[in-house]
Every structure is written in C-alpha cells, then in structure tokens.
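Me: I'd like to go through this model with you, one question at a time. Ready when you are.

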Amino acid sequence: MRFWCFIFLLITTSYVNYGQENTIRMGFSIDHYAINVTSLEKSVSFYQDIFGLIEIKNGTELDHIRWFRLGTSEELHIIQVDSLDKKLPKGVHLALRTKDFEGFRKSLLKKNIPYSDWPGKENKVSIRPDGVKQLYLQDPDGYWIEVNDAN
C-alpha cells in the first residue's frame, strides 16, 4: 500500500510541478547509449565499418568496454559480457540520422549488410507520413538500428 501511495504522490507532484508555466526545466540531453555484446571485437568492427564511429577515451579504463563518439557529444559504449539473453522488438532501437541517406543505403548493399523497412521487407525503405525515409538493420548481437534522413 505504501508503494502505491508513493507512486500517486510522485505522479501528482510531477503533474503539478510540470503543469505550471514557471517550471524549471532540467535540461536533459542524451549522454550515451550502452549495449552489451558477446564479442567486443566483432561489434567494434561492425560499428566502425558501418557507421564510421571514432573511438574515444574509455573513462572506465576496463578492457571489456570501448567508447565511441556518436554525434557531436553523445557516445556509444560497447560492453562485452559473458552471456547475453535479450529479446528486443524492432520498436526498441537506436535511431541515427544521416544527411546522405542514399549513400548510406548503397554502402549497406555493397557490404552485403541486410536492411529492411519497418514491416520487414528486405532491402526496402519506409517513408513516414512526414516524408522521412527510414531503414532498419541489426548489429551482430541483434540490436535494432534505425537510420533515417530526418532534419
């Protein structure tokens, strides 16, 4: 019962605070995206080869973790684990945008990397109602990645 009272209080307080015009914004932005992988080298090769990610200093200094620049200030942390038991639907994905969507799509074809549209049609592209083109691919551990041409 205490748990539900706490949740109600939290929701009520959040609604009251964020519903006011003078709300203080927390200023959140994405810092990093972390994934667990079964083969560090295989995943590092994939992300460097497919997306051209640049490796940066690993703040943990642990051998089973590598960090990469993703965007202007965001990071991708790739963490090797002994075993990986995950089942992620396509709706749970990392979305990246590129100014050269067609060039990226052609690079996937040249490298024999399969991709699909949202429904899953191989080597097809989805176009959202707002005109944004999207394609979906999976990394070596099955994580879904969307690439789009959104501005």
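Me: Which side chain does the side chain of Arg-66 make a polar contact with?
Reply: A polar contact here is a pair of N or O atoms within 3.5 Å; within protein, one must be able to donate a hydrogen and the other to accept it, and residues adjacent in sequence count only if both atoms are side-chain atoms. This is a predicted model, where local features need pLDDT of at least 70 and side-chain atom pairs count only at pLDDT 80 or more, while totals for chains, interfaces and linings use all residues. Residues are numbered from 1 along each chain as its sequence is written, and side-chain values use heavy atoms, with hydrogens and water left out. At 3.0 Å, the partner of Arg-66 is Glu-41.

Me: Is Arg-66 buried or exposed?
Reply: Arg-66 lies in strand E3 (residues 65-70); helices (H or I, at least four residues) and strands (E, at least two) are DSSP runs, numbered from the N terminus. Counting contact as heavy atoms within 4.5 Å, and leaving aside neighbours within four places in sequence, Arg-66 touches residues including Leu-40, Glu-55 and Ile-78. Buried means under 20% relative accessible area, exposed over 50%, partly exposed in between (1.4 Å probe, protein chains only). Arg-66 has 18% relative accessibility, so it counts as buried.

Me: How many residues of strand E8 are buried?
Reply: Trp-144, Glu-146 and Asn-148 point one way from E8, Ile-145 and Val-147 point the other way, and all are buried. E8 is therefore largely enclosed by the rest of the structure, and the count for residues 144-148 is 5 of the 5.

Me: Which strand pairs with E8 in the antiparallel sense?
Reply: On the parallel side there's E5 (residues 93-97), with 5 bridges to E8, and Leu-96 there stands opposite Val-147. The antiparallel partner also has 5 bridges, and Leu-137 is the bridge partner of Ile-145.

Me: What kind of pair do the rings of Phe-46 and Phe-51 make?
Reply: Rings of Phe, Tyr and Trp (its six-membered ring) pair if their centres lie within 6.5 Å; planes under 30 degrees apart count as stacked, over 60 as edge-to-face and the rest as tilted. That rule gives 5 aromatic pairs. For Phe-46 and Phe-51 the centres are 6.2 Å apart and the planes sit at 75°, so the pair is edge-to-face.

Terms used:
Pairing = 2+ DSSP bridges.
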